[in-house]
Amino acid sequence: MKRSVFEAVMTLIVACCIAVPVVNAQETIMTANVPFAFSIGDKQLPAGAYAVREMGRATLVESKDAVYSVLGIYNYAGPSKADKTKLVFDKVGDHYFLAQIWTSARDQGLAVPESKLEKEFRASNNGPQGGVETVIVALR
């Protein structure tokens, strides 16, 4: 019994020692001022300044004041060109959904999966592509 408790504690200590550097290894890969409210997955985010950070395999989109954030692992969307750093949104009706993150800092594009809310909005706006507009936010 004592041995298994000791092994569990040692495993926890080793896991914490490994995890702490990973959590702190946040690299800001872009910042953007998004002029409209938007959604990522099931989260609503207000208009404002946002930073996109790389956290290992995950990507964090966080407001400058750190009040709003979304952490996700997004699909590879293709190689990014040096001058193609941008956020791409799908506008469905009057609602914006983050669709892609393109950055030369990461040399690749990331595709944000379509959420249930976005699918519902698309269905109520004349089918999968009806009423959908692509909006690009240039990064600074």
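Which residue in strand 5 does Arg53 stand opposite? Arg53 faces Leu60 there, and the views below build up the sheet around this pair. The model is predicted, so local features need pLDDT of at least 70, side-chain atom pairs count only at pLDDT 80 or more, and totals for chains, interfaces and linings use all residues. Residues are numbered from 1 along each chain as its sequence is written, and side-chain values use heavy atoms, with hydrogens and water left out.

**View A. Strand 4 and its cover.** Strand 4 spans residues 48-55, and six of its eight residues are buried. Strands are DSSP runs (E, at least two residues), numbered from the N terminus. Buried means under 20% relative accessible area, with a 1.4 Å probe and protein chains only.

**View B. Strand 4 beside strand 1.** Strand 1 (residues 27-34) runs antiparallel to strand 4, joined by seven bridges. Here Thr31 stands opposite Ala51. Two strands pair if DSSP finds at least two bridges between them.

**View C. The hairpin of strands 4 and 5.** Strand 5 (residues 58-63) is antiparallel to strand 4, with six bridges between them. Val52 has Val61 as its bridge partner in strand 5. Two residues lie between the strands of this hairpin, where Gly56 takes a positive phi near 70°.

View D. Four strands form an open sheet in the order 1-4-5-6, with antiparallel pairing. Strand 1 and strand 6 (69-72) stand at the edges with a single partner strand each, so one side of each has no neighbour in the sheet. On average, neighbouring strands are turned by 15° against each other, direction ignored; the axes are lines fitted to C-alpha atoms, and angles run from 0 to 180 degrees between N-to-C directions.

Terms used
Buried < 20%, exposed > 50% of the residue type's maximum accessible area, 1.4 Å probe, protein only.
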